Amino acid sequence: MPVPVFRLAGSTLQAREIAEELGYPVVLKVVSRNILHKTEARGVLLGLNSPTEVEEGYKQIIRNAKEYKPDAEIEGALVQRMAPNGLEIIIGATRDPQFGPTLMFGLGGVFTEILKDVAFRIAPADENDVREMIHDIRAAPILTGYRSQCPANEDSIVKILLAISDMITGNDEISEMDLNPIMVYEKGASIIDARIVLEKQANSSIR
Amino acid sequence: MFHPKSIAVIGASTNSLRPGYAILRNLIKGKFKGSIFPINPNALDILGLKTYRTVTDVTDDIDLAIIAVPAAIVSSTIDECARKKVRAIVIISAGFGETGQTNVEKEFREKAKKYGIRIVGPNSAGILNSFENMYGTIEGTPTKGPVAFLSQSGAFGGGIFGLAQDMQLGFSKFVSIGNMCDVTFSDMLEYLAGDRDTKVIAMYVESITDGRRFVSVAKRVSLHKPVVVYKVGRTQAGRRAAISHTGSMATSDQIYDGAFKQARVIRAYDAEELMEYAAALTSQPLPKGRRIGILTDAGGPGVAAADACNLLGLEVPEVSETTQAELRRFLPTFASTRNPVDMTFTHDPKTYEACVKLLLSEERIDGLIVTITSHIEVQEELAHTIVQSSSNCEKPLMVSWTAGRMADPAREILRRNGIPVYPTPERAARAMACQASYSKFLRR
C-alpha cells in the first residue's frame, strides 16, 4: 500500500542527514511506544524546509514528547517526505459486535469528525460494495473536484479499501485499523498516517 | 411450523383476556381446517373444543404446540412436547431474555437442538399462515395476501396489521419472532425465499443477533424477492472505549445502514412506510431507471411530487417534443406539458386516459406518478380510467390522491387492480424511489 518514504532518526544529526537524502519538505513525527497520540503530544512538525529547521524541529518534538509523558521511551523521530496536498480521506476498520469486521470510509476533517458523513460496509466487501460505499457519503461529489481542490481518483481509494477488507478479515489479532489521513490525488494516493490496534497486546502504531 | 395438521394450545384459557384464549379464538375464527387441542388441566371444554389435561393425553399426533403457560413451567412443557413428538413450538410466554434471563433461553435453544424441534419465541405473539387458514396468533386474522411480515414486537405487529388493512394489503405469513431463542430473522428469510405464497418480506427489527449471517442470507434472498426492513434502535448498554476514529465513528445505526445496503435490503423509517413499500413492491413492475414522469390535475401537487422525486435522487426529465405536441392536442393552451404535465383542473376521464397512455409510452421516463386532488364526484370513473389506461404496462404507476376518506371508493378500485395509492405526492414519490432502489439492487 502506498506510504510516503520515511526513515527513523535517532539523533538530531541523523534527522538532518535523512532529510537531506529524502528531499524537502519533510515532516517529523516522534516515535515512542508509549505515545499513541502524537499530535496531542505536539510531537509532529510539518513542512520543514531546511537542515536547520529539521535540527531545531527534532529537538523540539523530543522536548514536547518528554513534557507530555516524562517516563516515555523515545526512540527518536520519523523523518518522512511531506506529501503534497490532495483530497484527505479516512479509511478504517473495526470489529462490530453484531456484524464483525466492518469497513468505514469518509472524507477527512470535519466531514467525518463533525458531520459524521461516513459509510460502512461489512467485510469482506467486494469491488461493487466498496464503490457504492464511496458514493454513499453526501460529500461524494467532492471526489470529482471542487474549486481549488483537484479531483481524487476513485480507483486508488477502492484498492486501499479492498486491501483493508482483506487485512481485517484475514487477521484475527487486528481489532481496529485507522488510516487517517490518506491523501488522494488525480493519480495515486498516499497513506500519511495509520494506526493498527491489536487484540490483547500493547497498542502499536504503524509508521 | 407453517403447515400443521394439528395444533395444541398449551395454557389454553377460559379467560377471554388471556393469550391462551385469544389464540383459540383466532384459530377458530380463521377456520383452521386441522385439529385444535386446547390443553388445560382445569377445563373440559374451551370455546366448544374438547380440552385435555396434558399434551400427552391427546391420542392424535400434534404437529405444532403453542405454549402460553407461566414462564416457570415452559421448560418442562417443552420436554412434554418432545415426548409427544411435536415438530414445532411457538412460545407465547414472556419473562425471559427481555428481563435479563438469557440463560433460560439458552436452555431452550439446547433443547430445540436436542429434540430436533424448531422453536419460535419466547415472548412471541404467535404465527400465522393465511394460505392454510392457520391463525395461531393473538394479534388477529388479517386478510390473505402476498406479504410475509416478521416482527420483533408482537403488539406492534398487530398494530401494523391494521395499517395494512387500510391499504388493502394482505399477509401470507406473520411471525412474531420474539426473543429468538432458536428461530432467527435469518432462518425465516431462508425459509421465505422459497415460499411461493410470499412475494415481499417485510420486517420490523429491533436488533439482529446474527448480523454477519443476516447480511449474507439477505443478500441472497433479496435476489428472489424484496426485503424491506423497519429498524428501530435499542438503548446501548455501553460502548467500547474507542482508540481510533473508526471505533468512535461507529454509531450502530450507520453500520446497519451500510449492512442493509450491502444486503440489498430496503430500509423504511416508520411503520406506514414499511407497509407502503410492501404494497408498491407487490403490485407494480420495477422501473428500469430513475427517470420519472409526473401527471397532475393541479400545479401544486405536481411541483410537490417533482420536489420529492429530486430530493430522493430521482430525475424528472423534460419529455420529448413529440410527446409534448401530442399532449397539447388534449390540453388547454395554458397547460404545462414539460414534466410535470399539468392537465389543469378537468373532470374528463378521456383527458386522463390520453395523458396517462402518452406518458407511459414516453421513452424518456421509466415510471409515472399521477397526482389527483379531490374529484370526489367522478372518482370511481376516474379510478377505472386510470386502471384501464395503464393495464399491461411495464412501467410502474403510482397514484397520489389527496382527498381524505371521501375518496376511499376510488382508492379501493385502484388497489383492487394493483395500483398503489397514497395520500400525498411525497408518499407516492418515496414509494417510487423504493421501486427504483430495488431495481438498482437487482441490476448490480
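B:Val378 is found in the loop that joins strand 17 (367-373) to helix 13 (379-389) of chain B; helices (H or I, at least four residues) and strands (E, at least two) are DSSP runs, numbered from the N terminus. At 19% relative accessibility, B:Val378 counts as buried, the term standing for under 20% relative accessible area, with exposed meaning over 50% and partly exposed in between (1.4 Å probe, protein chains only). The C-alpha atom of B:Val378 is separated by 33 Å from that of B:Lys199, 179 residues apart along the chain. The model is predicted, so that local features need pLDDT of at least 70 and side-chain atom pairs count only at pLDDT 80 or more, whereas totals for chains, interfaces and linings use all residues. Residues are numbered from 1 along each chain as its sequence is written, chains are lettered from A in the order in which they are written, and side-chain values use heavy atoms, with hydrogens and water left out.

Over all chains, the structure holds 36 salt bridges, a salt bridge being a side-chain nitrogen of Lys or Arg within 4 Å of a carboxyl oxygen of Asp or Glu. Within chain B, the side chains of B:Lys111 and B:Glu107 meet in such a bridge at 3.6 Å, N to O. These two residues are separated by about one helical turn because they are four residues apart in helix 3 (residues 102-115) of chain B. B:Lys111 is buried at 13% relative accessibility, while B:Glu107 is partly exposed at 33%. In helix 12 (residues 349-361) of chain B, B:Lys357 and B:Glu353 are likewise four residues apart, and therefore about one helical turn; their closest N and O atoms lie 2.9 Å apart in a salt bridge.

A further salt bridge joins B:Glu190 to B:Arg213, with the closest N and O atoms 3.0 Å apart. B:Glu190 belongs to helix 5 (residues 185-193) and B:Arg213 to helix 6 (residues 211-221) of chain B, so the pair ties together parts that are 23 residues apart in sequence. Both residues also take part in a network of salt bridges that links B:Arg118, B:Asp182, B:Asp187, B:Glu190, B:Asp210, B:Arg213 and B:Arg220.

Between the chains, 36 residues of chain A are in contact (heavy atoms within 4.5 Å) with 23 residues of chain B. The area buried between them is about 2600 Å², of which carbon and sulfur atoms give 55%; this is the accessible area (1.4 Å probe) that two parts lose on being put together, summed over both. In chain A, the residues that lose the most area to chain B are A:Gln98, A:Phe99 and A:Phe120, together 27% of what that side buries. Across this interface the rule finds three salt bridges. A:Asp136 forms a salt bridge with B:Lys261, the closest N and O atoms being 3.4 Å apart.

In helix 1 (residues 12-22) of chain A, the residues A:Ala15, A:Ile18, A:Ala19 and A:Leu22 are buried. Viewed down the helix axis, these buried residues fall within an arc of 100 degrees, so they line one face of the helix; the arc is that of the directions from the helix axis to the C-beta atoms. The face turned away from the buried side carries the exposed residues A:Leu13 and A:Glu21. Cover for the buried residues of helix 1 includes strand 1 (6-9), strand 2 (26-32), helix 2 (51-68) and strand 4 (74-81) of chain A.
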